[in-house]
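Here's a quick tour for anyone new to reading protein structures. Have a look at the picture, then work through the notes.

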Amino acid sequence: MQTRWTVAKDRSDWLQRALTHVHAAEHEALGRAGAFHIVLAGGGTPLALYRALAQEDHDWRHWQVWFGDERCLPPDHPERNSVMVRQAWLDRVGIPAANVHVIPAELGAEAAAERYTQTLAGVGDFDLVLLGLGEDGHTASLFPGHDWGEAADAADALPVFAAPKPPPERVSLSARRLARARRVLFLTQGAGKREAVAAWRRGERIPAAAIQPPGGVDVLLDREAWSES
Ligand code: 6PG
């Protein structure tokens, strides 16, 4: 499985490269199927990309938005990934509400994971999966020492308990489901991620490295996160 590393010159270059990935994936998807299924990363790094997308003119009716993970918090909690994405982007564009598939994490991890797995049952491979990278090598809400859902029979969505990054209870797409994608792009910035990048490049088993789609993955970094080792 190929991992393609790209170190951006600066924040502007980083953002332009991220947008280029999204545009290419959208173009391919609309040309092939007339719909664009994108999985969004949580956390803070992707927000610059989401804000930039909010300034663009797309035919949002063809976009189907999924979430790679969600925190088990009330639906309107400011630290919900879905709330952060809506504020940065989705509430600012005319995407149909039915096209935004929020993980119902307020139901609790078990019930929400089951519900989201059912919702995904009829959905094919994603066109683009966006992922973040944690300082411990986690991605989505797949954390070291937990089950990452790599097995062929792993559920599409997993309940997560005792997550080291608060809140402790979460829902995450499994490594297997995240890898059912035509394109996977990791969005990484900051010196805090350098050790995770170094471990990844040394071939260590971290959750991010367990995401292995047929077409390989792209990792977009800034200089601070990059590690030559
Ligand atoms: C979350 C995210 C998580 C995030 C990484 C990186 O719910 O927190 O899904 O996987 O992507 O922790 O977070 P930052 O981009 O904020 O560093």
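In which loop does Ala-140 lie? Ala-140 lies in the loop between strand 5 and strand 6. Helices (H or I, at least four residues) and strands (E, at least two) are DSSP runs, numbered from the N terminus.

Before going on, some ground rules. This is a predicted model, where local features need pLDDT of at least 70 and side-chain atom pairs count only at pLDDT 80 or more, while totals for chains, interfaces and linings use all residues. Residues are numbered from 1 along each chain as its sequence is written, and side-chain values use heavy atoms, with hydrogens and water left out.

- Most residues other than glycine have a negative phi, and most peptide bonds are trans.
- Ala-140 has a phi near 50°, which is positive even though the residue isn't a glycine.
- Ala-140 counts as buried because its relative accessibility is 13%; buried means under 20% relative accessible area, exposed means over 50%, and partly exposed is in between (1.4 Å probe, protein chains only).
- Ala-162 also isn't a glycine, and its phi is positive at about 55°.
- You'll find Ala-162 in the loop between strand 6 and strand 7, and at 59% relative accessibility it counts as exposed.

**Two residues tucked away**

- Thr-139 sits in the loop between strand 5 and strand 6 (157-160).
- Why does Thr-139 count as buried? Thr-139 counts as buried because its relative accessibility is 0%.
- Skipping neighbours within four places in sequence, Thr-139 is in contact (heavy atoms within 4.5 Å) with Leu-131, Gly-132, Phe-186, Pro-207, Ala-208 and Ile-211.
- Ser-82 is part of helix 3 (residues 81-88), and it's buried, with a relative accessible area of 2%.
- With neighbours within four places in sequence left out, the contacts of Ser-82 are Phe-67, Glu-70 and Val-102.

- Helix 2 is mostly covered, with six of its eight residues buried.
- Those buried residues are Leu-47, Leu-49, Tyr-50, Ala-52, Leu-53 and Ala-54.
- The cover over them includes helix 1 (11-32), strand 2, strand 3, helix 3, strand 5 (128-131) and strand 8.
- Helix 2 (residues 47-54) packs with helix 3 at an angle of about 40°, their axes 8 Å apart. Axes here are lines fitted to C-alpha atoms, for helices over the stretch in contact, and angles run from 0 to 180 degrees between N-to-C directions.
- That angle makes helix 2 oblique to helix 3: under 35 degrees counts as roughly parallel, over 145 as roughly antiparallel, 65 to 115 as roughly perpendicular and the rest as oblique.
- On the helix 2 side, Leu-47, Tyr-50, Arg-51 and Ala-54 meet Met-84, Val-85 and Ala-88 of helix 3.
- By class, this contact of helix 2 with helix 3 has six nonpolar, no polar and one charged residues. Ala, Val, Leu, Ile, Met, Phe, Trp, Tyr, Cys and Pro count as nonpolar, Asp, Glu, Lys and Arg as charged, and the others, Gly among them, as polar.

**Aromatic rings**

- How many aromatic pairs does the structure hold? The structure holds 10 aromatic pairs. Rings of Phe, Tyr and Trp (its six-membered ring) pair if their centres lie within 6.5 Å; planes under 30 degrees apart count as stacked, over 60 as edge-to-face and the rest as tilted.
- One of the pairs is Phe-36 with Trp-63, which is edge-to-face, at 4.7 Å centre to centre and 85° between the planes.
- Phe-36 is in strand 2 (residues 36-40) and Trp-63 in strand 3 (residues 63-67), so this pair ties together parts 27 residues apart in sequence.
- Phe-36 is buried at a relative accessible area of 0%, and Trp-63 counts as buried at 0% relative accessibility.
- Phe-186 and Trp-200 have ring centres 4.8 Å apart and planes at 75°, so that pair is edge-to-face.
- Phe-186 belongs to strand 8 (residues 184-188) and Trp-200 to helix 6 (residues 194-201), 14 residues apart.
- Ring pairs also link Phe-36, Tyr-50, Trp-60, Trp-63 and Trp-89 into a cluster.
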